[in-house]
Amino acid sequence: MEALGPEGVYEDRGRLYTVSACPGRRVYGERLLNSGGTEYREWDPHRSKLAAYIAVGGRDIPLSRGSGVLYLGASSGTTPSHVADIVRDGRVVCVEFAPRMFRELVRNCEGRSNMMPVLGDATKPSEYSMFAEGVTVVYQDVAQKRQADIACDNMDFYNAEWGMVAVKARSEDVTAPPERIFDEAESRIRERGYRIVDARGLGQYEKDHEMIVFRRQRGCPGRATPWPSAGTSS
């Protein structure tokens, strides 16, 4: 098992893995592999845009063991569960709007003390502010219009240091060339005062998608409140 550049992500024979924070449990039927007494969960890039970003060579992932992550558009929890594996001493606040998907998300958060499911609207950051104190990273995977602004609105509200947004071109405009949509999203992020660290298409894994990684400009104030360790009260 080889450690990749992103902390907590591993590769073996061309497959991606994270160390399972909840051994013996699967979230979406993923393969479990035991190596050296450690259980790893296979991370399928066809099922996760973040895994797809890594699979196409993306390495600028601002996640570490103690990160506080606000995950917008958590769906049933497939990618958030792998993020929770990586930030095992931090916490992942999983915001989902659709009640049906939220019920699945709640089930998949069971047994994972650092995953918090929240039924909420990603366009209204104040709705879940009582759960998201200390956010250091905003990850946005909401397939609707104004994707860049939704990410930046949450970055601004929580004064987060880092942001990642998986831009789905067809959710912005089904008639426009995807490249134009991506350029507009990148321009909007810069207009909002953030610096883009990486932007790349997700290739064969997610058609007409681009992952944008960005951060607060140097000199802008960041949130000073530390993220509480999993299992402690905030």
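This briefing covers a pocket, a cavity and a helix pair. The model is predicted, so local features need pLDDT of at least 70 and side-chain atom pairs count only at pLDDT 80 or more, while totals for chains, interfaces and linings use all residues. Residues are numbered from 1 along each chain as its sequence is written, and side-chain values use heavy atoms, leaving out hydrogens and water.

**The largest pocket**
- The largest pocket holds about 470 Å³ of space. A pocket is an open set of points on a 1 Å grid over the protein atoms alone, with protein on both sides within 12 Å along at least five of seven lines.
- Its lining has 26 residues. Lining residues have an atom within 4 Å of a point.
- G73, A74, S75, E96 and D141 lie nearest the centre of this pocket.
- α1 (49-55), α2 (78-86) and β7 (91-96) each give at least two lining residues. Helices (H or I, at least four residues) and strands (E, at least two) are DSSP runs, numbered from the N terminus.
- α2 supplies the largest share, 3 residues.
- The pocket lining splits into 10 nonpolar, 10 polar and 6 charged residues. Ala, Val, Leu, Ile, Met, Phe, Trp, Tyr, Cys and Pro count as nonpolar, Asp, Glu, Lys and Arg as charged, and the others, Gly among them, as polar.

**The cavity**
- The structure holds 1 cavity of 30 Å³ or more. In a cavity, a 1.4 Å probe fits but cannot get out.
- The largest cavity has a volume of about 30 Å³. A volume is the space filled by probe spheres set on the grid points, which are joined across faces, edges and corners.
- C22, R25, R26, V27, N108, E110 and R112 line the largest cavity.
- That lining has 2 nonpolar, 1 polar and 4 charged residues.

**Helices α4 and α6**
- The axes of α4 (residues 147-158) and α6 (residues 178-191) come within 9 Å and cross at roughly 25 degrees.
- A148, D149 and C152 in α4 meet A185, R188 and I189 in α6, where contact means heavy atoms within 4.5 Å.

Note on methods:
Axes fitted to C-alpha atoms, helices over the stretch in contact; angles between N-to-C directions.
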